[in-house]
Amino acid sequence: MEMREIMSKIAILTDSSCDIPQEMAEKYGIDIMSFHILLDDVDYIERESCTNTEFYDKMRAAKGVPSTAAITPIQFCEKYCQYVDEGYTDVIHVPINKSGSSTYNNALMAQGMLREERPEHHLKIHLLDPHTYSMVFGWYLCEMARKLKNGAEISHVIHEFETQMDCMEVILGPYSLKQMKKSGRISAAAAVMGELMGIRPIITLIDGKTRVEAKVRGDDKVVPAMVELCKQRCEGVEDFDYMIGHTNIPQAADLEKACRKAFGKPPLLVFELGGVVSANTGPDTVALVYTGHPRG
């Protein structure tokens, strides 16, 4: 990405947990490194081995649940070396939520390795923790890229991004609980009870931490409960916007319809949850992403 300052050349780097659609990544010149996901002894490379929908189907048919492997320091160092060799002055690197993966710390290690590989390098690496997943930060990463293309300063867009992340919240509505149990998002007892009695947890994801906010009985109660919780949490927010994430299930359309009615505006985006995210939420989940109150 060429900047108005002749001497500046800035890259934006993230990983496949961002769930940025490929066309948006190409439009804004965002580099995305892929995670490996292991499912029933098969190694899948996110965004390469199969589509999101194909991966959901594989999860539904699988005997086990998927596990993900962090991107390694060597992989990051190779990418940083590429930027140095191509004459970049800066890279804004936004990996997956620091508290949910060793990826962030691996990026820190890669910076030390870069000094050994390219001791004379002058690449400035701006490593940011989004404290979240998926298009919750991916959308605003695209906004950052757009503003940089229009001549904004790096310090300004980084401050805006971090301020926005301090407001973002997610409400999850899982319709199957196997992955949630395995990942520790809900207890094994709650998962068993949910499957037996049709009880569905309504879960918030804030600053990388999940919390069961309510439980409803029956799939038809999930969407109304999600919308009502969102209305409560975002009351009084001036610059309210929202997005809808899903795993290609019919309830996504129900959620969008309910949100349009409740909020009087369309979503910024309706997007698919990628492999890394759905490996934790399960293959039958809807997500309501929205602007909440600043957490400071």
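**View 1. Side chains meet where α5 packs on α6.** From α5, the residues V136, F137, Y140, L141, M144, K147 and L148 come into contact with I154, V157, I158, E160, F161, Q164 and M165 of α6. Sort this contact by class and you get 11 nonpolar residues, one polar and two charged. Keep in mind that this is a predicted model.

**View 2. Now for how the two helices, α5 and α6, pack at an angle.** Helix α5 covers residues 135-149 and helix α6 covers residues 154-165. Their axes sit 10 Å apart, and the angle is about 160 degrees. Angles over 145 degrees count as roughly antiparallel, so that's what α5 is to α6. As for handedness, α5 and α6 make a right-handed crossing.

**View 3. Four strands line up in an open sheet.** Read across the sheet and the order goes β2-β1-β6-β7, with parallel pairing. The edges belong to β2 (30-33) and β7 (124-127). Each of these has just a single partner strand, so one side of each is left without a neighbour in the sheet. On average, neighbouring strands here are turned by 25 degrees against each other, ignoring direction.

**View 4. Zooming in on the pairing of β1 with β6.** Strand β1 takes in residues 10-15, and strand β6 takes in residues 90-94. Five bridges link the two in the parallel sense. Look for I12, which stands opposite I92 in β6.

How values were computed
Residues numbered from 1 in each chain as written. Predicted model: local features only at pLDDT ≥ 70, side-chain atom pairs only at ≥ 80, totals over all residues. Heavy atoms only, no water. Axes fitted to C-alpha atoms, helices over the stretch in contact; angles between N-to-C directions. Parallel < 35°, antiparallel > 145°, perpendicular 65-115°, else oblique. Left-handed = near helix turned anticlockwise from the far one by under 90°. Contact = heavy atoms within 4.5 Å. Nonpolar A, V, L, I, M, F, W, Y, C, P; charged D, E, K, R; others polar. Pairing = 2+ DSSP bridges.
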